[in-house]
Amino acid sequence: MPRPSTAALKATPASDKVRVLPKGRQTKAVIVDAALSLASQMGLEGLSIGAVAELTQMSKSGVFAHFGSREELQISVVREYYQRFEQEVFFPALQVERGLPRLRALFANWMQRVAVEIQSGCIFISGAAEFDDRPGPVRDALVGSVKSWLGALDKAVALARDLGELRADTDARQMAFEIHGLILALHYEERFLQNPGAIRRAEAGFEHILARYGNPAAVAPVSPTPARKRVSKINQPSRPKE
């Protein structure tokens, strides 16, 4: 696979986190950031000490001193990728009201990230293809990260159900599975097949899932018309005089 240009890699969005770290840790953070840019476009298997050294304009021995092996570098990239995913998708949704509003926020944040990853690539998806049948620490790091995120999605669905905003018989794992399936299909349709309208279809699919599992009054609340408001007010029984 051809190596992307340095200019293209520098255009890859970096973390929004402001780091004030000792020099050694700052250098390590720079290396991980460069390695993440490489891995996003070339896959974790495309990572090498030499490629990262070239991108960061460091010596191979300098990069090696911070990680000790290519495998440790790959694992550090997986962890950094997951931390950024949490910062962009999960933590902002925690500021939203629990239940369906939070579930909608999780999906909306996820879709915003996917819109960028369609161009740059998703390490979770490419890593699944590279390490699905290759046991070891890198696969364990990938699986652990994905399971942590899907577990959070499961909990968000279960909370919406327990609050009465989804049907009482909703299988939280099944609903989360279907939502996850939309994201995977979106990557395949938009990035690989380059079919237009995939984002719109994924958004429509999410609404279909909510409609199928949801309490209709919670998923699609209907505001009464002014006439209905007047009728309901007229028909209310008068309050007994005290």
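Biologist: Start with Gln194. Buried or exposed?
Modeller: Gln194 is exposed, at a relative accessible area of 63%. Exposed means over 50% relative accessible area, buried means under 20%, and partly exposed is in between (1.4 Å probe, protein chains only).

Biologist: What should I know about the numbering and the model itself?
Modeller: The model is predicted, so local features need pLDDT of at least 70 and side-chain atom pairs count only at pLDDT 80 or more, while totals for chains, interfaces and linings use all residues. Residues are numbered from 1 along each chain as its sequence is written, and side-chain values use heavy atoms, with hydrogens and water left out.

Biologist: Back to Gln194. Where is it found?
Modeller: In the loop between α9 and α10. Helices are DSSP runs (H or I, at least four residues), strands are E runs of at least two, and numbering starts at the N terminus.

Biologist: What is phi of Gln194 near?
Modeller: Near 55°, a positive value, and the residue is not glycine. Most residues other than glycine have a negative phi.

Biologist: What about Gln57? What is its phi near?
Modeller: Phi of Gln57 is positive as well, near 60°. Gln57 sits in the loop between α3 (49–56) and α4 (60–67). Gln57 is exposed, with a relative accessible area of 75%.

Biologist: Step back. How many helices and strands does the protein have?
Modeller: Twelve helices and zero strands. Of its 242 residues, 40% count as buried.

Biologist: Helix packing next. At what angle do α6 and α10 pack?
Modeller: About 160°, with the axes 11 Å apart; α6 covers residues 100–120. That makes α6 roughly antiparallel to α10. The axes are lines fitted to C-alpha atoms, for helices over the stretch in contact, and angles run from 0 to 180 degrees between N-to-C directions. Angles over 145 degrees count as roughly antiparallel, under 35 as roughly parallel, 65 to 115 as roughly perpendicular and the rest as oblique.

Biologist: Is the crossing of α6 and α10 left-handed or right-handed?
Modeller: The crossing of α6 and α10 is right-handed. Right-handed means the near helix is turned clockwise from the far one by less than a right angle, left-handed anticlockwise.

Biologist: Where does Leu193 lie?
Modeller: In the loop between α9 (172–192) and α10 (198–213). Leu193 is partly exposed, at 38% relative accessible area.

Biologist: Change of topic. How many salt bridges in the whole structure?
Modeller: Eleven. A salt bridge here is a side-chain nitrogen of Lys or Arg within 4 Å of a carboxyl oxygen of Asp or Glu.

Biologist: Which residue forms one with Arg84?
Modeller: Asp33, with the closest N and O atoms 2.5 Å apart. That pair links distant parts of the chain: Arg84 in helix α5 (residues 70–94) and Asp33 in helix α2 (residues 23–42), 51 residues apart. Arg84 counts as buried at 7% relative accessibility, and Asp33 as partly exposed at 25%. Asp33, Glu80 and Arg84 are linked in a network of salt bridges.

Biologist: What does Glu88 pair with?
Modeller: Glu88 forms a salt bridge with Arg113, the closest N and O atoms being 2.8 Å apart. Glu88 is in helix α5 and Arg113 in helix α6, so the pair ties together parts 25 residues apart in sequence. Arg113 counts as buried, at 9% relative accessibility, while Glu88 is partly exposed at 37%.

Biologist: Last one. How do the side chains of Glu178 and Arg212 meet?
Modeller: In a salt bridge, 2.1 Å from N to O. Glu178 lies in helix α9 and Arg212 in helix α10, so this pair ties together parts 34 residues apart in sequence. Glu178 is buried, with a relative accessible area of 19%. Arg212 counts as partly exposed, at 43%.
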